Amino acid sequence: MSVVAARAGAPTRAATPDPGTIKGTVTTTAAPATGPIKVTINENVCGQTQPDPSVVVGNGGGLANGVVTISGTRASAATMITVTNQQCRFAPHVQVARPGATLRITSEDQILHTTHAYAEDERTLFNIALPLPSISFARPLERARLVRLACDTHPWMRGFVVLTEEIAAVTAPDGSFVLSNVPPGTHELRFWHERFKAAPQKVTVTSDGTAEVKIRAQESLVVSR
Ligand SMILES: [Cu+2]
């Protein structure tokens, strides 16, 4: 009897719901046709042409290099990311980090690249010359914003870093994405892509559950420069 009473009176564990997961795909049915970009300098390293990284559409219309974020959430996103100048491209083309993260910049190419970072208002954040492969530099990425990377030597080179406090994921080559550690509840998903847009979408996540969403994107008239 006393044991039962003791159990009944014991403090119960706080009912913290387990986080859930959002899995989804971003697709488009109207991808603009893009051809390869003609290379005009350093063809020995860069090749004669470069694929256009701004439109990468996989089987079934999956749209790569988009960023899905969950409004109003807070994430423990990456605090250290790397961009590599690789065969005259920025790899990866798009990535996500939290404000305050450090960007490591390096090169694999035997030619001069620069990694020129711009804020959305076209202000230069930094411009790093990489004359040799394997050297690397680190620069802080201080606040929530979209950072565009360009190269002063090679005008086709473009990259993006989305700095956000929110839970976010970059879409894979098949357009898929996974958002983990999502608090249960109804959330709004937002989508960014340098050339496409999509309407915000509501999704409900249950404790320890997996919600599936499909996001349809269309070409935007406003292109991130
Ligand atoms: Cu370059």
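The model is a predicted one. The chain is divided into domain 1 (18-31 + 38-73 + 166-225) and domain 2 (76-165). The largest nonpolar core has 45 residues, and it draws at least three residues from each of these domains.

**Domains and their contact**

- The centres of domain 1 and domain 2, taken over C-alpha atoms, are 20 Å apart.
- Where the two domains touch, 17 residues come from domain 1 and 21 residues from domain 2.
- On the side of domain 1 that touches domain 2, the elements giving two or more residues are α2 (43-46), β4 (67-70) and β14 (168-170).
- Strand β14 gives the most to that side of domain 1, with three residues.
- By class, that side of domain 1 has nine nonpolar, five polar and three charged residues.

- Strands of a sheet pair through backbone hydrogen bonds, either parallel or antiparallel.
- Strands β9 (residues 113-118) and β10 run antiparallel and are joined by six bridges.
- Within this pair, threonine 115 has isoleucine 128 of β10 as its bridge partner.

**The three-stranded sheet**

- Another open sheet has three strands in the order β15-β1-β19, again with mixed pairing.
- Strands β15 and β19 (210-216) form its edges, and each pairs on one side only.
- Neighbouring strands in this sheet are turned by 20° against each other on average, direction ignored.
- Strand β1 (residues 20-27) runs antiparallel to β15, and five bridges join the two.
- Lysine 23 has valine 178 in β15 as its bridge partner.

**The nonpolar core**

- Val68, Val161, Val162, Leu179 and Phe191 have the most contacts inside the largest core.
- Strand β13 (residues 158-163) gives the most to this core, with four residues.
- Phenylalanine 191 is in contact with Val26, Gly66, Val68, Ala198, Ile215 and Ala217, leaving aside its neighbours within four places in sequence.

- The peptide bond from alanine 91 to proline 92 is cis, with omega near -5°.
- Proline 92 sits in the loop between β6 (89-91) and β7.
- Cysteine 88 is in the loop between β5 (80-86) and β6.
- The phi of cysteine 88 is positive, near 65°, although the residue is not a glycine.
- Cysteine 88 counts as buried because it has 21 C-beta neighbours inside 10 Å, and the cut-off for buried is 20 or more.
- Asparagine 181 also has a positive phi, about 60°, and is not a glycine.
- Asparagine 181 lies in strand β15 (residues 176-182).
- With 12 other C-beta atoms within 10 Å, asparagine 181 is exposed, since that label applies at 12 or fewer.

Technical notes
Residues numbered from 1 in each chain as written. Predicted model: local features only at pLDDT ≥ 70, side-chain atom pairs only at ≥ 80, totals over all residues. Pairing = 2+ DSSP bridges. Core = buried A, V, L, I, M, F, W, Y, C linked by C-beta atoms within 7 Å. Domains from an automatic or database assignment. Contact = placed C-beta atoms within 7 Å. Nonpolar A, V, L, I, M, F, W, Y, C, P; charged D, E, K, R; others polar. Axes fitted to C-alpha atoms, helices over the stretch in contact; angles between N-to-C directions.
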